Amino acid sequence: MDEERTTAAVQRYLDALAGDSPAEPVVRSLLDRSVRRLHQLCSTLLHRSYPRLTQPPLNLQVDEMLSAVVERLLKALREARPETVRQFFGLACQHMRWELNDLARRLDIQPSAGVLHDELLPEPLSSVSGISPEGRRMLDAIDSLPADEREAFDLIRIQGVTQTEAAQILGVSLMTVRRRLSRSVQHLTEQLGDLRPAGKPSDLA
């Protein structure tokens, strides 16, 4: 029920943003109202796709990431005018990925903190990178999905909404959402099947 109220409230703010009201107060109210879902999305992306960013030397926390993403959205919404809840959270997820990718790239190019104390547990190179090659493959595979399948997968598996809520956001039937999700999982399984340990079922299904 709270999720439905959030969706309805976000849509009202988006409608106001498209009107004649001053943009900045509407944008701030929009972000305040959607902060719980944005926090959930940040947590999901950070811990599922970029877990190494939560470890030394960065020790990234969800609240820190959320603050950076909100700053990005404040700037983006000076120009961007998403018309639907679907477009707004799609924009938010895009900026979350950009923020995490930026942080990962910085870790890739900076020397390991362990270099200053070589005698004290020097870090292996693989742990310095913000995201592993396998993680990059997974993100690239998701990005390569057809748009409708990527939206369904993003909403349900990353944003954590129910299939019924996803159908409402996308404006399609529940059966269509299930079909798109099933196709997305099938495509990802085909592309990433070699990453799954032998005998272990896919956790995408």
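## Basis of the model

This is a predicted model, in which local features need pLDDT of at least 70, side-chain atom pairs count only at pLDDT 80 or more, and totals for chains, interfaces and linings use all residues. Residues are numbered from 1 along each chain as its sequence is written, and side-chain values use heavy atoms, with hydrogens and water left out.

## Overall fold

The protein has nine helices and zero strands. Its pattern along the sequence is α-α-α-α-α-α-α-α-α. Helices (H or I, at least four residues) and strands (E, at least two) are DSSP runs, numbered from the N terminus.

Of the 205 residues in the protein, 38% are buried. Buried means under 20% relative accessible area, exposed means over 50%, and partly exposed lies in between, with a 1.4 Å probe and protein chains only. Among contacts between residues at least 6 apart in sequence, 65% join residues at least 24 apart. A contact here means heavy atoms within 4.5 Å.

## H8 against H9

Two packed helices are described by the angle between their axes and the distance between the axes. For H8 and H9, the angle is about 105° and the axes are 8 Å apart. Axes are lines fitted to C-alpha atoms, for helices over the stretch in contact, and angles run from 0 to 180 degrees between N-to-C directions.

From H8, the contact uses Gln163, Thr164, Ala166, Ala167 and Leu170. From H9, Leu174, Val177, Arg178, Arg180 and Leu181 meet them. By class, the contact has six nonpolar, two polar and two charged residues. Ala, Val, Leu, Ile, Met, Phe, Trp, Tyr, Cys and Pro count as nonpolar, Asp, Glu, Lys and Arg as charged, and the others, Gly among them, as polar.

## H7 and its neighbours

H7 also meets H9: their axes come within 8 Å and cross at roughly 95°. That makes H7 roughly perpendicular to H9. H7 contributes Asp148, Glu149, Ala152, Phe153, Ile156 and Arg157. H9 contributes Val177, Arg180, Leu181, Arg183, Ser184, Val185, His187 and Leu188. By class, this contact has seven nonpolar, two polar and five charged residues.

H7 spans residues 147-158, and its buried residues are Glu149, Ala152, Phe153, Asp154, Leu155, Ile156 and Ile158. These buried residues pack against H3, H5, H6 (133-143), H8 (163-170) and H9 (174-192). Glycine 160 follows H7, with a positive phi near 80°.

## H4

Helix H4 covers residues 62-76, 15 residues in total. From first C-alpha to last, H4 reaches 21 Å, close to the 21 Å expected at 1.5 Å a residue; the expected span is 1.5 Å times one less than the number of residues. Val62, Met65, Leu66, Val69, Leu73, Leu74 and Ala76 of H4 are buried. They pack against H2 (23-33), H3 (35-49) and H5 (85-109).

Rings of Phe, Tyr and Trp (its six-membered ring) pair if their centres lie within 6.5 Å; planes under 30 degrees apart count as stacked, over 60 as edge-to-face and the rest as tilted. The count comes to one aromatic pair. Phenylalanine 88 and phenylalanine 89 have ring centres 4.9 Å apart and planes at 70°, so the pair is edge-to-face. Phenylalanine 88 is buried, at 0% relative accessible area. Phenylalanine 89 is buried too, at 1%.

Alanine 9 sits in H1 (residues 2-17) and is buried, at 3%. Alanine 9 and leucine 30 lie 21 residues apart in sequence and 8.1 Å apart in space, C-alpha to C-alpha.

Key. Parallel < 35°, antiparallel > 145°, perpendicular 65-115°, else oblique.
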